[in-house]
Amino acid sequence: MTVSSTHSDSEKKQRRPGWQRTLWLLLLLITLLPYALAVWQWQRGQDKEVLMRSLTSAMSTAPVGLVYREAEPPPAFTRVRLAQGEPAGPVIELRNSYLGGQSGRRILQPWRQGPDRSLVLLDLGWLVDGAKMPDFPPEQIQPQGYRMPTPHHFVLSGAAKGTAGPVDEVDEAALRRRYPGHWFQGVVVLENSPDPLLHWPVVPEFMPDRHYAYAIQWLLLGFCLTGLSWLMWRRRHEVH
């Protein structure tokens, strides 16, 4: 064996512990990640429980007026009452909206209301696929309901995004360009949907139980990775 080969072997032995420490550190981070995600999902479940309690309380309180101000509007899931107004344009039919296991459309109406002519998107209700969209006179719409986030679907490329008629996703930016003015974020889900529409449930997109289920799944994955890491560590020390 030459001097150069001996020197090369020595350098490899010196570099090996550094690589091993990096790999073990990476494995530690991967093992801890599911536990962090489990805590995060559990906390989200707790937050949704608080939201559900506030929603239950809101249903028994008098609605507040939805008036445009520079200050923050009422928070999501607040019961609100709109001033008398009129449709600002044609309805939006949000497809792929499921209710009771059936596919249908959420009927969203751009609405201009009050002396300030502010704008909000009303969720008139849900209509099953195949049913004809009826015409609603403005006086048939009772503008009172609950503020909720704008519905968003997971859509693939090529999905229809627009501001009127059947769409897969509401184009909020184009909606504000089409109807300029003071817009409220989100939608107002009507308490009483005009016939033949069905009332859309006023609940969070994900219920607390789903977040708790995700937390348990991440926790189980963390246990599996912890056991695998322990076996690898034990095998390494047995070899050495």
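A salt bridge here is a side-chain nitrogen of Lys or Arg within 4 Å of a carboxyl oxygen of Asp or Glu.

**Entry 1: before I start**

I am looking at a predicted model, in which local features need pLDDT of at least 70, side-chain atom pairs count only at pLDDT 80 or more, and totals for chains, interfaces and linings use all residues. I note that residues are numbered from 1 along each chain as its sequence is written, and that side-chain values use heavy atoms, with hydrogens and water left out.

**Entry 2: salt bridges**

I looked up the count and found five salt bridges by this rule.

My opening pair is Glu-86 with Arg-117, whose side chains meet at 2.8 Å, N to O. I see that Glu-86 sits in strand 3 (residues 85-87), while Arg-117 lies in the loop between strand 5 (102-113) and strand 6 (118-128), 31 residues apart from its partner. I then checked accessibility: Glu-86 is partly exposed at 38%, and Arg-117 is partly exposed at 36%. (Buried means under 20% relative accessible area, exposed over 50%, and partly exposed in between, with a 1.4 Å probe and protein chains only.)

Next I turned to Arg-79, which forms a salt bridge with Glu-191, with the closest N and O atoms 2.5 Å apart. This pair links distant parts of the chain: Arg-79 belongs to strand 2 (residues 79-81) and Glu-191 to the loop between strand 11 and helix 3 (208-239), 112 residues apart. I found Arg-79 buried, at 16% relative accessibility.

I also looked at Asp-168 and Arg-95, which meet at 3.2 Å, N to O. Asp-168 is in the loop between strand 9 (165-167) and strand 10 (169-170), and Arg-95 is in strand 4 (residues 92-99), 73 residues apart. Here Asp-168 is buried at 13%, whereas Arg-95 is partly exposed at 30%.

**Entry 3: the cavity**

How many cavities of 30 Å³ or more does the structure hold? I found one. (A cavity is a set of points on a 1 Å grid over the protein atoms alone where a 1.4 Å probe fits but cannot get out; lining residues have an atom within 4 Å of a point.)

I listed its lining: Leu-121, Thr-150, Glu-172, Leu-175, Arg-176, Trp-183, Gly-186 and Val-187. Helix 2 (172-178) and strand 11 (183-190) are the elements that give two or more residues to this lining.

Technical notes. 1 Å grid on protein atoms, 1.4 Å probe; cavity = no way out; pocket = protein on both sides within 12 Å on 5 of 7 lines; lining within 4 Å. Points joined across faces, edges and corners; volume = space filled by probe spheres on them. Helix = DSSP H or I, 4+ residues; strand = E, 2+ residues; numbered from the N terminus.
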